[in-house]
Amino acid sequence: MLWTQLEIQTLREDTHPPLVRAGYKRAGQSSVPEWLFLGQRSIGKIERIIASAQNFGIALKRCGIRFLRTSTSYVVESPAGEQIVVRGNEYDELLDEAASIASPLLASDIEGEFLPEAFHTPNVKTIAQIAEFTSLPVTSQIKSLVMIADGAPVLVLLRGDHQLSEKKFRAFTNAASIRQATADELRATFGADPGSLGPVGVAGVRMVADTALAGRNNMIAGANRTDYHLRHVTPGKDFHAEFADLRLVNEGDQCVHGGALRFSKVRVLTPEDPGSILESLAEQHHDGDGLMLPRAVAPFSVVVTPVHPERMNAAREIYQQLTTEGQDVLFDDRDARPGVKFKDADLIGFPYRINIGKKLSEGLVEFVERSPKQSRDVPVGELRIPA
């Protein structure tokens, strides 16, 4: 294929992402990228790899992408990622599915056997407010959430500093639909406003507590009476609930296999979105000069570049020879300076470039590899493209 047939739109400004600079897609604000010819060509190669591979993981390896495997997904670390992966000791999991050992309590539980005791908490609604009011930290509070699962209320109980993973909750209840209860539904079911709910004395409502509440003693919870709370609430004694892992992992939690956890932004990859795979490849395979895509997904494996106009015919012969051999080759037939051609080739990320220059009189051409960057002179008769 000839360069002049493609109307490739490369950009020199490094303020653009690599794929835009290299002319694979058009710059714009749309969330759906407009792929140009080079991008379409690479995406087509990715699609064929996916279709021919035994499974998606094998396809990603053939594409040359570095990925993580969670229990349900293939992901790549990405500063533009919209999800979070939790990483630990031989452990990679998406945030809303990850398990952990909860961070230590900020204060030990009060010792002793006590009955729940109501106390007035006017206009105290949030966990932070009740912690300040009682001078007990958030880890000493029971957070009460009411979720509607397939039309039925479920009282969810968490440690005060923890958040509910709706994905875990959905899996635990096997509910087709879930949502938070409205304030009117809370008053109708529990007889209290939001911020004053708790598990003591609740009847006829399913209750499920996160495992971080197991074994706790003398905590603070809502009293199911507006502007009142209870102290000395002990799970398993003052209320009975099912226990399950329902919480999102927090910073400071420990890996279930030991050691600290770390959090990274990730992009989730699927076979249905080869464009996202190309985006991830560009993030992983580029340098200051442009893309360095693996050969399997590069729009062309090799570009033949005549350095001077007088070498155009000889370069065309080499291009035709490589095409006959079945190589995926582009011929840079532009009337442009060598530096412009070389810059463009580096931006686009052709794995190999063959420069036809002054040494052709000695029967030599320059063979340039994009990654790792290196070049060597090769006799024309020995020119071979690596498999």
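Trainee: Which residues is Tyr24 in contact with, leaving aside its neighbours within four places in sequence?
Mentor: Tyr24 is in contact with Leu19, Trp35, Leu36, Leu38, Gly39, Ser42, Leu278, Leu291, Leu293, Pro299 and Ile348. Contact here means heavy atoms within 4.5 Å.

Trainee: Before I go on, what sort of model is this?
Mentor: This is a predicted model, in which local features need pLDDT of at least 70 and side-chain atom pairs count only at pLDDT 80 or more, while totals for chains, interfaces and linings use all residues. Residues are numbered from 1 along each chain as its sequence is written, and side-chain values use heavy atoms, with hydrogens and water left out.

Trainee: Back to the core. Which residues touch the most other members of the largest nonpolar core?
Mentor: Tyr24 and Ile277 do, in a core of 35 residues. A nonpolar core is a set of buried Ala, Val, Leu, Ile, Met, Phe, Trp, Tyr and Cys residues joined through side-chain atoms within 4.5 Å. Buried means under 20% relative accessible area, exposed over 50%, and partly exposed in between, with a 1.4 Å probe and protein chains only.

Trainee: Which elements each supply at least two residues of this core?
Mentor: Helix H2 (37-52), helix H3 (56-63), strand E4 (74-77), helix H7 (274-284) and helix H9 (338-348). The largest share, five residues, comes from H2. Helices (H or I, at least four residues) and strands (E, at least two) are DSSP runs, numbered from the N terminus. Apart from that core lies another, of 21 residues, including Val146, Leu186, Ala209 and Ala223.

Trainee: New topic, E11. How many of its five residues are buried?
Mentor: Four of the five residues of strand E11 (206-210) are buried, so the strand is largely enclosed by the rest of the structure. Strand E9 (152-159) is joined to E11 by four bridges, and the two run parallel. E11 also pairs with strand E14 (242-244), in the parallel sense, over three bridges. Two strands pair if DSSP finds at least two bridges between them.

Trainee: Which residue of E11 stands opposite Leu155?
Mentor: Met207. On the E14 side, Val208 has Glu242 as its bridge partner.

Trainee: And His162, where is that?
Mentor: His162 sits in the loop between E9 and helix H5 (166-173). His162 is buried, with a relative accessible area of 0%. Not counting residues up to four places away in sequence, His162 touches Ala102, Lys143, Asp210, Ala212, Arg247 and Asn250.

Trainee: Let's do H8. How many residues does it have?
Mentor: Helix H8 (residues 312-324) has 13 residues and reaches 18 Å from its first C-alpha to its last, close to the 18 Å expected at 1.5 Å a residue. The expected span is 1.5 Å times one less than the number of residues.

Trainee: Which H8 residues are buried?
Mentor: Met312, Ala315, Ile318, Tyr319 and Leu322. They cover an arc of only 125° around the axis, which puts them on the same side of H8. The arc is that of the directions from the helix axis to the C-beta atoms.

Trainee: Which strands do the buried residues of H8 pack against?
Mentor: Strand E18 (302-306), strand E19 (329-331), strand E20 (352-356) and strand E21 (364-369). On the other side of H8, Asn313, Glu317 and Thr324 are exposed. Gly326, whose phi is positive, near 90°, follows H8.

Trainee: How many salt bridges does a search of the whole structure find?
Mentor: The search finds 29. A salt bridge is a side-chain nitrogen of Lys or Arg within 4 Å of a carboxyl oxygen of Asp or Glu. One of them joins the side chains of Lys125 and Asp227 (3.2 Å, N to O). Lys125 lies in the loop between strand E7 (117-120) and helix H4 (127-134) and Asp227 in the loop between strand E12 (219-222) and strand E13 (228-233), so the pair ties together parts that are 102 residues apart in sequence.

Trainee: Is Asp227 buried or exposed?
Mentor: Asp227 is buried, at 18% relative accessible area, whereas Lys125 is partly exposed, at 32%.

Trainee: What about Arg353, which residue does it meet in a salt bridge?
Mentor: Asp346, at 3.6 Å, N to O. Both Arg353 and Asp346 are buried. Salt bridges that share partners join Asp287, Asp289, Asp346, Arg353, Arg370 and Lys373 into one network.
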